[in-house]
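Subject: Structure for you to look at

Hello,

Here is the structure you wanted to see. Please open it before reading my notes.

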Amino acid sequence: MTSLPLASGPQGPDALRPLVDVVLGALRDGTRARGGPLPAGGPDAVAAAVRDALGDPLPDEGDPQALRRLVLALAAGTADPADPLCAAHLHTPPLAVATAADLAASVLNPSLDSWDQAPAASALEALVTRALAAETGAADALVTTGGTESNQLAVLLAREAHTGVRLVCGAGAHHSLPRAAWLLGLPEPVIVPTPAGTLDPAALDDTLTRLQGPLLVAATAGTTDAGLIDPLPDIADLCAAHGARLHIDAAYGGGLLFSARHRPRLTALDRAHTVTLDLHKLGWQPVAAGLLTVRDEADLAVLGHRADYLNADDDTEAGLPDLLGRSLRTTRRPDILKIAATLKTLGRTGLGALVDQVCDLAHEFAALIDAHPGFELYDRPTISTVLFRPARASDDTVAAIRRKLLHDGRAVLGRATLDGRLWLKTTLLNPHTRPGDLTALLALVERADPAAAADLPEGHTPT
Ligand SMILES: *Cc1c(COP(=O)(O)O)cnc(C)c1O
């Protein structure tokens, strides 16, 4: 007979409180031990530290210190997007309120595959998904694990609506779109070259004129590499004129909907059949928090599925909500809780302010780069992505600078090849980052550049 406490039930909160204290203490200590945006020393050093902390992964006798040790090791070895110099990817620092809500989701552990496992969570999901769908002019929305699953579902719904449909997308579209076409057995996608970074309406028009058969055009609102937004109204017009179905991947740019200032840049989102949103990007949610909004509710009918133990006909007729058709997954976490808690705690104004802040910050960073003779700016930011490179550096040097900063645990920058050259990428998602942090980032990049170091006056040792 075990006495190990459970997280839920009447004793749950009291059992959990000391453990949460252990976790919070280990997070604090681990973060202090790291002392920067990511651990120093590279993959070998990190793997060795984790191996030490873990020891035997499945010992014969349990170790009561395991929780503290493992959380500490993970915190000490994490890439922390709350550090202003951790700014490579669409990797967001989660809001404390969302994370606290996620704790409740883990405690209650509702599973959204049947009403009898998630009575309130399924009701909450129904309300919040419809409200978020309405933001894009859609009828309904499905909760997903992120942009990849949303894009897969969008391609699946297109395939079910139009047998033999072919995917058409720009060269800057997310890799998950062609991959979904492969997974779902669609014909080879047509990739439209995008020399200017976004889908060119004239090139798309040519492509749609040339191709026979049903087509699914996937436009992007916020490319992963540069944060560019395709000309959505023009693309929607072309899809209407050619009878093509339209999906908009707004995994990154969808967050602009919360900002009164930036929302107009997503005009025509309501003309898409499906829209991918990803609130673990510009929505400050812990992973996972994806959505796919669906304009025509009837499109969702193809996901309907019966499993007698989850949604027997007579249960559904008697009024128990049928949840199986809302996902291809079975067991499913209530990711909607943290989303709902965030939307309601911050409101449109609070979320919009976060969006405005990171967009403003990106402009300030671009201005800093532009004013610096040692750096070249790719372009003014569209959302919050800023690409730059040391002036006159080779691609190999740019790549080496990035890896040196990673290895030293000084900064996490991304990379993107655009215009045939390699750029350092910062995706600014941290609303606490200040321009001074970005000045410091530029100084770090300068010091990591072997050419710049060679230019330093005699006797000056770069640190
Ligand atoms: C991040 C991203 C995705 C993939 O989303 P995941 O949540 O990582 O699955 C898809 N499309 C775009 C444009 C993205 O930026």
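My notes on the ligand site and the overall fold follow.

This is a predicted model: local features need pLDDT of at least 70, side-chain atom pairs count only at pLDDT 80 or more, and totals for chains, interfaces and linings use all residues. Numbering starts from 1 along each chain as its sequence is written, and side-chain values use heavy atoms, without hydrogens and water.

The ligand first. Helices are DSSP runs of H or I with at least four residues, and strands are E runs of at least two, numbered from the N terminus.

- 2.7 Å to a side-chain N or O atom of T148
- 2.9 Å to a polar backbone atom of G147
- 3.1 Å to a side-chain N or O atom of T224

The protein covers 85% of the 380 Å² of accessible area that the ligand has on its own (Shrake-Rupley, 1.4 Å probe).

Now the fold. The protein chain has 15 helices and 11 strands. Of its 463 residues, 48% count as buried (under 20% relative accessible area, 1.4 Å probe, protein chains only). The C-alpha trace spans about 85 × 70 × 40 Å along its principal axes.

Best wishes

Methods:
A polar contact is a pair of N or O atoms within 3.5 Å; within protein, one must be able to donate a hydrogen and the other to accept it, and residues adjacent in sequence count only if both atoms are side-chain atoms. Buried means under 20% relative accessible area, exposed over 50%, partly exposed in between (1.4 Å probe, protein chains only).
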